[in-house]
Amino acid sequence: MLAALPLAGCATTKAETRPAAAAPPPAPKPVRAGLDPTARPDPFPSTYKPAPSGAVLFVNATIYTAAGPRIDGGALLIRDGKVAAVGQDIPRPADATVIDATGRWITPGIIDPHAHIGAGSSPGPANGDNSNENGPNPGGIWIEHSVWTQDPMFERAREAGVTTIQILPGSANLFNGRTVTLKNVPAVAPQGMKFPGAPYGLKMACGENPTGGGPGKAGTRAGGMMGYRNTFIAAQAYAQSWADWKKRGTGDPPRRDLMLETVAGALNGDIKVHIHCYRADEMIQMIDLSHEFGFRIAAFHHALEAFKIAPLLAKEQIAVVTWAGDWSGYKMEAYDSIMENAAFVQKAGGLVTMHSDNVMLMQHLNQEAARAMTAGREAGLGTTPEQAVAWFTINPAKVIGVAEKTGSLEVGKAADVVLWDADPLSVYALPDLVFIDGVLRYDRAHPAKQPQSDFELGNTKRPISPARPAPRGLGVSQ
Amino acid sequence: MIRALFLSAALLAATPAAAETVAIVNARVLTMGAAGDLPTGAVLVRDAKIVAVGAKVAIPKDARVIDARGQILTPGITATVSPMGLNDTIGSGYGGRGSSNSLLTAAFDVNEDVNPNSPQIPEARIEGTTRAVVTPNPQMRGPNAPARFFGGQAAVIHLGDLGTQGGDLTVKPRVALYLDAGEMGASAAGGSRGALTVLLKQAFADARAYARNPTSVDPARLEELSLSRADLAALVPVVQGREPLLVEVNRASDIHNVLELAREEKVKVIISGGSEAWMVAKEIAAAKVPVVIDAEENQAFQWENLNATYENAAILHDAGVLVAFKPSVARIVFLIRTPRFLAGRTARFGLSPHEALAAITLNPAKIFGVDDRFGSIEPGKDADLVLWSGDPLETTTVARMVMIRGAEQPLTARNRALRDRYIGSVK
């Protein structure tokens, strides 16, 4: 940061000219708890620790590793919560529980990089705060403080193979607060689900949602741009004031500001920038904004018009987090939407993922990817099944910033594994087994392995779906 | 010149070819009708109608022959309880049109709002969707306008390209009167289900009185009921059992109450939504009431959806209930063009793919009283036919040919035009 240089130089000069015989500087005044963010950089720490798990060996499976071509007749060994081996010919240790996956398929656990589950709960009134879109000083919120872990949709998502979820605040404001990334495991509070070591994200928003009318709104798109710029100017100054105080070592610290703290974290790269943005022209404005203030945009979310600027997004290394493309026309900024959006970005060499934004769609992100793949293939873009699988596994892991730990079946990564009863790109596929960090978290054949939230316990009468073979489809005689 | 040629080709394709005889041969045909599934079959179309279907069909010399080897032919798909063509843009997450005029509820006819030139229609058509049951959404009222329990009249439309000839898409107007009898209806009635039942009984009684003698109805009471003369007149076919109520209702006890009310008042009902219908499946079957289920619904969206489950369709079907599928129109508008994926997903939960296909073809036609016109591949019915590259419910399948009322449709739409404009940047 250029602005820091002259100040640092000034401080150095003072130290050098201080008389050697002077009294030692006064001891720094103690800073009261909570007023220095660096004193406790992780104030709401994860308490998630996977239970111990043994070795499980899947054999005779068709495996999408999300790290290379499909493996037919493949085997996967997981041990102590990690992937231990994967391939056609791997060691088969005697102590491993063997699962014959003949006719079945394996993928990494599904990762949803854009959800509001738990924060916008089901039923709506259960969590009571609708924090998805409301609240004072929204840029300073941390959405984890709104996540109700008893939302029954966490279970539904797990049954559909979703193992990692990034929950975002809403999009009603220019700056909407911090995201949180969770492992989809039962817990009393979000701390018990937080993905250890996952970086925070900052949710920003362009276009209709933060523009709108009403108090506190930007009013126009130009007003929105002014709002971003003024806030980044303030955040740069805020970051500088903390740097100066640290260097000085004395005096009162700057007054903490939760919103500027998050924006300053985004400026220095500790916090990933996720921007809700539909239109290509607005994405280009945001790219120029990022150059003006020197921050990196991790991803544009929704990004229905990414197809208009796919090579630029690839060059800027900005990911596209989107749907298959039939969410068109539900608002004016979504008027231009094509089924081939993801395939365009893929073909241009960019990073693309599916996302849900919705707890029903979250249950079939694999199908969403398959449909977007089909559109790409039909358009002659050569989209492959391996790419489509990456759109709901390794690519969202990269967008969130957890790709070193999960998202693909590579040795040493978390054993987040889904065993499917059919090709996961088929409309008929359902998970038979879901493992998270090597622990069996869902078994379709065993109701005891289908956890129920406190909310539903003794409250609902939903039938347990029996384990059935996948239907044969209409292409053959029934 | 090239442009002129293209235009004339498009016009040719779009014009209903009344005189054209078309034979589709060598397809795997899922007729959904008496002929069943044909591993290899042919369908003959003349004058916009299906004239023959079977494993062996005599093909006239003048017929245009479409060789459909390796492809699957089905009836066109119907989008049920749909906002199709009603909105230019729909607004975040919600779709449809409703009346916020307190003197216009039951009589509100959403068919007048359908725009045949909406880009939504070709975008649905290229996905093999050929008909829609367009339904008002009483949630789409103006700001601060009072809630209504009667949403207005539903209509059946076709999704054929009218070109520049004008006209409308109406197949049958006023096929059902939409009523919200769930949490929203109760709220509209003043806060409870009990209040809603009383108000409905009053409204039915007034409609009967109005039918006997239109001048006998006390205008003061009309105001009290918020039912205008137009609304009472619109209720008359309902109380006379000629037009069904399409009742949005989800909680099992609410469904039970609606069935009781229908029996007492001798009105026909179709259940829409029906999250907890599976819990009262036998009662619904005994009442011979069909259910247009929100097949995606396994979310406890509100308290009335607490027991929503993907098993709903199979349990209802096994109990003998006629089921069709609708998208979650009242919430999120995705899938208005692709009921086929609702069907495919539901086929993972005990409903066979064949029954799931029926729930988006023949069943909605039966439920809304238009199965004499479409819904299956049978002689005498409108030629609504779709050729698929594979299983029509699959994610990897696309529609290769779409015919509506005998006219082969252009497989063009706004989303494809945008694709083609920009594809050069990556290809």
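Which residues of H10(B) are buried? They are B:Pro339, B:Arg340, B:Phe341, B:Leu342, B:Ala343, B:Gly344, B:Arg345 and B:Thr346. Buried means that 20 or more other C-beta atoms, placed from the backbone, lie within 10 Å of the residue's own; exposed means 12 or fewer, and partly exposed lies in between.

This is a predicted model: local features need pLDDT of at least 70, side-chain atom pairs count only at pLDDT 80 or more, and totals for chains, interfaces and linings use all residues. Residues are numbered from 1 along each chain as its sequence is written, while chains are lettered from A and ligands numbered from 1 in the order in which they are written.

**The covered helix.** Helix H10 of chain B spans residues 339-346. Helices (H or I, at least four residues) and strands (E, at least two) are DSSP runs, numbered from the N terminus. The cover over the buried residues of H10(B) includes helix H10 (365-378) of chain A. From chain B it includes the elements below.

| Element of chain B | Residues |
|---|---|
| strand E6 | 77-82 |
| strand E7 | 129-134 |
| helix H9 | 312-318 |
| strand E13 | 323-326 |
| helix H11 | 353-358 |

**Where the chains meet.** 55 residues of chain A are in contact with 56 residues of chain B. Contact means C-beta atoms, placed from the backbone, within 7 Å. On the side of chain A that touches chain B, H10(A) gives the most, with five residues.

**A sheet in chain A.** Three strands form an open sheet in the order E6-E7-E9, with mixed pairing. Strands pair if DSSP finds at least two bridges between them. E6(A) and strand E7 (residues 162-167) of chain A run parallel over four bridges. A:Ile110 has A:Val162 in E7(A) as its bridge partner.

Terms used: Two residues are in contact if their C-beta atoms, placed from the backbone, lie within 7 Å.
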